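Work through these exercises with the sequence and the structure side by side. Try each task before you read its solution.

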Amino acid sequence: KCIEINYDAAVVYRSLAQQQLKAGNEAGFQAALKQGRERYPEDQEMLTDEINYFLGNGQYDEAEASIKQAIGIAPSSILYSALGDIYDGRANPADEANTPSEEDFNKYSALAEEAYGKAIELDPESFNAYFNLGVTFYNRGAHKNELIKEIKDDKKYMAAKKDVDDTFAAAIPYFEKAHELDPEDQQTMAQLATLYARSGQNDKWEAMKAKMGQ
């Protein structure tokens with residue numbers, strides 16, 4: 001009725017969309033949100049609803065477009081972190097059938113690094129951004145580590161192995177900052193323990209194991 005009488009409030013469309021979703025009517029949800037977005041294209045709350053819906057349904061292309069639109073209106077650390085998650089998911093998909101080409105892996109890994117870096121610029125205390133940036137470097141190191149197994153020449157192998165070690169080492173400062181922000185997070189401590197052991201930092205490895213109760 002509010003829409004019929006042209007009541008000027010974005011919340012009307014958002015509320016209608018949410019009611020449709022609660023009733024299990026996804027088509028109705030999308031229709032109400034689309035109508036509302038057309039009338040209020042810069043409404044942040046409706047954009048957020050749209051982004052969460054797309055992410056929840058695995059519609060990452062649509063989510064990326066909505067996130068970029070939201071960033072254009074009001075950049076935030078949360079939005080850039082969400083964008084980084086999409087790029088990281090493309091670089092390191094859970095389903096092996098979607099494994100990207102080497103070119104795409106490098107592209108999306110770099111885009112994830114850039115997005116998480118922007119998130120940190122906007123919120124230097126963002127645990128998720130630091131942790132996920134660490135994961136980005138860790139995944140890049142793991143990817144490179146798989147590639148060097150094919151190298152037969154000793155000299156080329158050692159040069160490539162140094163690049164792998166440097167890439168893993170680049171993850172450490174981000175996990176350390178994440179640990180500083182949340183000293184109780186077990187995943188962060190586990191990542192640090194692995195990286196300390198890998199880089200031969202035995203004192204730090206022992207200290208992190210002790211913190212983990214191992």
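**Exercise 1: Ala91**

Ala91 has a relative accessible area of 5%, so Ala91 is buried. This is a predicted model.

Task: Find the helix that holds Ala91, and list what Ala91 touches beyond four places in sequence.

Solution. 
Step 1. Locate the residue. Ala91 sits in helix H5, which covers residues 77-91.
Step 2. List the partners. Leaving out residues up to four places away, Ala91 touches Pro100, Phe105, Tyr108 and Ser109.
Step 3. Check a distance. Ala91 and Ser101 are 10 residues apart along the chain, and their C-alpha atoms are 9.0 Å apart.

**Exercise 2: Asp88**

Task: Is Asp88 buried or exposed? Which residues does Asp88 touch?

Solution. 
Step 1. Asp88 belongs to helix H5.
Step 2. Apply the cut-off. Buried means under 20% relative accessible area. Asp88 has 17% relative accessibility, so Asp88 counts as buried.
Step 3. Read the contacts. Not counting residues up to four places away in sequence, Asp88 touches Ala112, Tyr116, Thr136 and Asn139.
Step 4. Look further along the chain. Asp88 and Ile151 are 63 residues apart in sequence, with 26 Å between their C-alpha atoms.

**Exercise 3: Asn132 and Gln191**

Task: Why does Asn132 count as buried? Why does Gln191?

Solution. 
Step 1. Find both residues. Asn132 is in helix H7, residues 127-147. Gln191 is in helix H9, residues 186-198.
Step 2. Compare each value with the cut-off, which is under 20% for buried. Asn132 is buried because its relative accessible area is 19%. Gln191 is buried because its value is 18%.
Step 3. Asn132 is in contact with Asp85 and Tyr116. Gln191 touches Phe131, Val135, Tyr138 and Phe175.
Step 4. Gln191 and Glu96 lie 95 residues apart along the chain, and 23 Å separates their C-alpha atoms.

**Exercise 4: Leu111**

Solution. 
Step 1. Locate Leu111 in helix H6, residues 102-122.
Step 2. Use the limits. Leu111 has 26% relative accessibility, so Leu111 counts as partly exposed.
Step 3. Take a distance. Leu111 and Leu83 are 28 residues apart in sequence, and 8.9 Å apart from C-alpha to C-alpha.

**Exercise 5: Helices H2 and H3**

Task: At roughly what angle do the axes of H2 and H3 cross? Which residues make the contact?

Solution. 
Step 1. Mark the helices. H2 runs over residues 26-39 and H3 over residues 44-56.
Step 2. Read the geometry. Their axes come within 10 Å and cross at roughly 145°. The crossing is left-handed.
Step 3. Name the residues. H2 brings Glu26, Phe29, Gln30, Leu33, Gly36 and Arg37 to the contact, and H3 brings Met46, Leu47, Asp49, Glu50 and Tyr53.
Step 4. Sort them. The contact has 5 nonpolar, 2 polar and 4 charged residues.

**Exercise 6: Core and confidence**

Task: How many residues does the largest nonpolar core have?

Solution. 
Step 1. Count the core. The largest nonpolar core has 52 residues.
Step 2. Ile67, Phe175 and Met208 have the most contacts inside the core.
Step 3. Follow Ile67. Beyond four places in sequence, Ile67 touches Ile51, Leu79, Ala82, Leu83 and Ile86.
Step 4. Check confidence. The protein chain has a mean pLDDT of 90, and 100% of its residues reach 70 or more.

Technical notes:
Residues numbered from 1 in each chain as written. Predicted model: local features only at pLDDT ≥ 70, side-chain atom pairs only at ≥ 80, totals over all residues. Heavy atoms only, no water. Core = buried A, V, L, I, M, F, W, Y, C linked by side-chain atoms within 4.5 Å. Buried < 20%, exposed > 50% of the residue type's maximum accessible area, 1.4 Å probe, protein only. Contact = heavy atoms within 4.5 Å. Axes fitted to C-alpha atoms, helices over the stretch in contact; angles between N-to-C directions. Helix = DSSP H or I, 4+ residues; strand = E, 2+ residues; numbered from the N terminus. Left-handed = near helix turned anticlockwise from the far one by under 90°. Nonpolar A, V, L, I, M, F, W, Y, C, P; charged D, E, K, R; others polar. pLDDT = per-residue confidence, 0-100.
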